[in-house]
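User: I'm new to reading protein models and would like a close look at the salt bridges in this one. Could you walk me through them?

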Amino acid sequence: MLVPDFFVAAHGSSSGFSGCPIIVPALTIGNVPQMACDLLIHNSHANRVGYICSDDVVATCGVDAYTPPSSGVVHTSVELYECPRPTGSVFILQQRSPVRQGCGLQYAASLSKWLKDSGFSHVVLLVSIDAGRVPPQEGSLRFFVNNLESALSTLSPMGQKVTESDLLMLSEDSPSLALWKFSKESALPFVVLETVCHEGDNVVDAVQFTCQVNDYLHLLPVTENPRITVPPSWSHTVLWGSVGHTTTLY
């Protein structure tokens, strides 16, 4: 039986990854990292360039998040998007379904190897953490940098620098923590951005996190009050506090 490649390029895609940063969301409180990736992809008009093919992730298939439902475009569990910039592309790995129970370590190892072999300049891991675990004086953004000292000058004015022992990002058995550990072992440069939030309506948190990530990577025009629009999928998704399901879903 043929074993599929871990990464499968989209038809017609010829993107090169070498020297480019990649954003990876952790599946954490409020799904704020995934929501921020949605906003970055939608507002930067990023192009889908491929997807991850792994039995370790729960399979899903649905209407594309960034085009009208009538377009007929579908999305899968984990997809890669490219955001072109004058200084070089930034890639976003959007994950829409969880890792299967007991498969986190294996998935993290495969993902870390692919990231390293593909030549990405560094990984930017987006994490949301419970506000109740963070002292109020630390503000809404915490960051940790490993093997990428050049990032400090940009990130230092934006938030609270923490040490590795201060990271609150994840439980011991989480795939994202395993990804961090594997990347550290392989000397892959890594930035962790932790945003503070509560359970509930996290749209405002996602917009704020999007702006903070943009201040670091400049995917969108940097202005004092950037205009962030939500993707079409958010209008027909039951978010926290919205009206219940509509009959059009059935």
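Analyst: Let's start with R142, which is buried: its relative accessible area is 3%, and buried means under 20%. Keep in mind as we go that this is a predicted model. The partner of R142 is E194, and their side chains form a salt bridge with N and O 2.8 Å apart. Where do these two sit? R142 belongs to strand β9 (residues 141–146) and E194 to strand β11 (residues 190–197), so the pair links parts of the chain that are 52 residues apart. E194 is buried as well, with a relative accessible area of 0%.

Take E79 with R48: their side chains meet in a salt bridge at 2.6 Å, N to O. Since E79 is in strand β6 (residues 78–83) and R48 is in strand β3 (residues 47–52), this pair ties together parts 31 residues apart in sequence. E79 is buried, at a relative accessible area of 2%, while R48 is partly exposed, at 35%.

E79 also forms a salt bridge with R96, where the closest N and O atoms are 2.8 Å apart. R96 is partly exposed, with a relative accessible area of 23%.

Technical notes
Residues numbered from 1 in each chain as written. Predicted model: local features only at pLDDT ≥ 70, side-chain atom pairs only at ≥ 80, totals over all residues. Heavy atoms only, no water. Salt bridge = Lys/Arg side-chain N within 4 Å of Asp/Glu carboxyl O. Helix = DSSP H or I, 4+ residues; strand = E, 2+ residues; numbered from the N terminus. Buried < 20%, exposed > 50% of the residue type's maximum accessible area, 1.4 Å probe, protein only.
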